[in-house]
Amino acid sequence: MQPLFKVVWSSVGKKFIMALSGLAMVVFLVEHVVGNLLLYSTDPDPYNKYGHFLVSLGSVLIVVEYIFVAILLFHAYSGITIALGSNKARPIGYYKVGNASGDASRKTFSSKTMIWTGILTFVFIVIHLKTFKFGAYYASHVGGEEIRDLHTLVWEVFRSPAYVLFYVITIFLLGFHLRHGFWSAFQSLGVNHPRYSPFIYCLGILIAIAVAAGFIGIPVWIYFTGA
Ligand code: HEM
């Protein structure tokens, strides 16, 4: 085996890349929730223009999407193999348990359920892409140009109580995955200092709450206000 490949595929290498890939996905989620806040408007144009802007990035977007798929698959694969304890030669757990002040280890609901909330998020993403990215095509016209009307699609989907419930429950649990994952990523990267750790811990909680609340609010808002 090539030395670099060996390092990447070792449990330490996997944890390191898992941390980086996890943080990259946090960045995506923050951008995604901010963009989707436009769905709170009943005017479809701002959201459709935002979607169109992303599509108009063309090959840049396609490259980013391929990178994202690779990141997601690697993250999921590493998470599962580490959780199953397949790295027996160097049995380092998925995370280093410890609280923000570096006190004795303390397991939380988030840390104990990472594998399950991770698998659920993966299944969610597959269903989510099928529903929206590869879902029904509605056309909208802005400034004489035809663009995809994603606003109508999203508002239509969230008329279904089953979809709304699925989104609310899954994203609520994703919040726990995010909270622990954010903290754990910095631990895996070796950023562990009494001065910064409490800040990182609190930032993880804040990001998880903001992202989950921002996403959860959308289906709930559309369900209760959409005609
Ligand atoms: C209320 C919550 C959400 C709404 C309304 C929403 C909406 C959308 C829409 C409309 C698209 C299609 C964009 C396009 O085809 O141009 C999309 C893509 C996507 N969403 Fe979401 N999303 C939500 C939550 C999430 C969550 C929680 C995740 C991840 C856990 C996620 C991950 C993705 C991914 C990976 C894509 C594909 C992006 C791309 O191909 O460029 N979304 N979302």
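I began with a helix pair: H6 (residues 114–133) packs against H8 (residues 161–188) at an angle of about 130°, and their axes are 9 Å apart. This is a predicted model, which I kept in mind throughout. Angles over 145 degrees count as roughly antiparallel and 65 to 115 as roughly perpendicular, so I noted H6 and H8 as oblique to each other. I then looked up the hand of the crossing of H6 and H8, and it is left-handed.

Next I listed who makes the contact. H6 brings Met114, Thr117, Gly118, Leu120, Thr121 and Phe124, while H8 brings Thr170, Leu173, Leu174, Phe176, His177 and His180. Sorted by class, the residues of this contact of H6 with H8 are six nonpolar and six polar, with no charged ones.

Then I turned to the ligand. I found 23 residues surrounding the ligand, and the closest are Phe132, Lys133, Leu150, Phe215 and Ile218. Two or more residues of the shell come from each of helix H2 (11–36), helix H3 (44–55), H6, helix H7 (150–157), H8 and helix H9 (197–225). Which element gives the largest share of the shell? It is H6, with seven residues. I also checked the classes in the shell around the ligand: 16 nonpolar, five polar and two charged residues.

Last, I stepped back to the whole chain. I counted nine helices and two strands, running α-α-α-α-α-α-β-β-α-α-α from the N terminus. Of its 227 residues, 23% count as buried. Among contacts in the chain with a separation of 6 or more, 76% join residues 24 or more positions apart.

Key:
Residues numbered from 1 in each chain as written. Predicted model: local features only at pLDDT ≥ 70, side-chain atom pairs only at ≥ 80, totals over all residues. Axes fitted to C-alpha atoms, helices over the stretch in contact; angles between N-to-C directions. Helix = DSSP H or I, 4+ residues; strand = E, 2+ residues; numbered from the N terminus. Parallel < 35°, antiparallel > 145°, perpendicular 65-115°, else oblique. Left-handed = near helix turned anticlockwise from the far one by under 90°. Contact = placed C-beta atoms within 7 Å. Nonpolar A, V, L, I, M, F, W, Y, C, P; charged D, E, K, R; others polar. Near = placed C-beta within 6 Å. Buried ≥ 20, exposed ≤ 12 C-beta atoms within 10 Å, placed from the backbone.
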